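Subject: Structure handover

Hello,

Here is the structure I said I would pass on. My notes on the rings, the core and the strands follow below it.

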Amino acid sequence: MNIESRRLFLKTSIIGGILGFFSNKVSGITLTPSDSQGPFYPITPQKDKDFDLTTIKGQKGVAIGEIVNIRGQVLDENLKPLEDVSIDLWQANAAGRYHHPYDTSSVPLDENFQGWAIIQSGVKGGFNFKTIIPGAYAASGSWTRPPHIHFKISKTGYHELITQMYFPDNELNKKDYLLQSKSSSEQEIMIAKKIESSPNTLEYTIILKSI
């Protein structure tokens, strides 16, 4: 997919995000907002979809990039932990390229980067995975997307959620059309939190709405 195609797709996503803006609170709790699925949802089958995206089973290499641990929790609108939630996540590699046939970027693929995982939340709604910080990439000639990770979250009895997690203190966050189409409270919940005692770990909370 070229820059023009990305720009059209993402422009449509911004409009959709704005239309959904007014229905994202329940009893004063800000739900995790929906965001663009993007054009690169994984379609190529792969056996290894575990929580460690920095290595691929059967290969000796390690993914290029800054390794980070993401830990979090899935809650309902009453802030009750949700167990056995399916969390499907995918992202670009450190150079900003997805392992996807539609991403025709000239930057290199990383054959040691898993790029896609499907994990479950545990007893107290907790989840964790290990990955690298994805690279930024051009969505158009004037728009560079900040590092982000895509999530598709589903559980019986709850609305399926497609969203994106952003990284703290990245200057591109302030210029990203998708993130900036959200309210300040929505942006706050979409940006992962630093853990001062563990510099290579970030925390991310997901709040789902029941059907």
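A charge is taken to sit over a ring if NZ of Lys or CZ of Arg is within 6 Å of the ring centre and within 35 degrees of the ring normal. Please keep in mind that this is a predicted model.

By that criterion, the charged end of Lys49 sits over the ring of Trp116, 5.0 Å from its centre. Lys152 has its charged end over the ring of Tyr41, at 4.2 Å from the centre.

Tyr41 also takes part in an aromatic pair, with Trp90 as its partner. A pair of this kind is described by the distance of the centres and the angle of the planes. For Tyr41 and Trp90 the values are 4.7 Å centre to centre and 85° between the planes, which is edge-to-face. Tyr41 is in the loop between strand S2 (29-30) and S3, while Trp90 belongs to strand S4, so the pair ties together parts that are 49 residues apart in sequence. Tyr41 has 21% relative accessibility and counts as partly exposed, because buried means under 20%.

The structure holds seven aromatic pairs. Elsewhere, Phe40, Tyr98 and Tyr137 are linked into a cluster by ring pairs.

Nonpolar side chains tend to be buried together in soluble globular proteins. Here the largest nonpolar core has 27 residues, and those with the most contacts inside it are Leu89, Phe127, Phe129, Phe151, Ile206 and Leu208. Two or more residues come from each of strands S3 (67-75), S4 (86-90), S5 (116-120), S6 (126-132), S9 (148-154), S10 (161-166) and S12 (201-207). A second, separate core of ten residues includes Leu31, Trp143, Ile189 and Met190.

What is Leu89 in contact with, leaving aside its neighbours within four places in sequence? The residues are Leu53, Gly115, Trp116, Ala117, Ile119, Phe129, Ile149, His150 and Phe151. Trp116, one of these contacts, is the residue whose ring lies under the charged end of Lys49.

Last, the strand pairing around S3. S3 and S6 pair in the antiparallel sense over seven bridges, and Gln73 stands opposite Gly126 in S6. With S12, S3 pairs in the parallel sense, over seven bridges. The bridge partner of Arg71 in S12 is Glu203.

Regards

Notes: Residues numbered from 1 in each chain as written. Predicted model: local features only at pLDDT ≥ 70, side-chain atom pairs only at ≥ 80, totals over all residues. Heavy atoms only, no water. Core = buried A, V, L, I, M, F, W, Y, C linked by side-chain atoms within 4.5 Å. Buried < 20%, exposed > 50% of the residue type's maximum accessible area, 1.4 Å probe, protein only. Helix = DSSP H or I, 4+ residues; strand = E, 2+ residues; numbered from the N terminus. Contact = heavy atoms within 4.5 Å. Pairing = 2+ DSSP bridges. Phe/Tyr/Trp six-rings, centres within 6.5 Å; stacked < 30°, edge-to-face > 60°.
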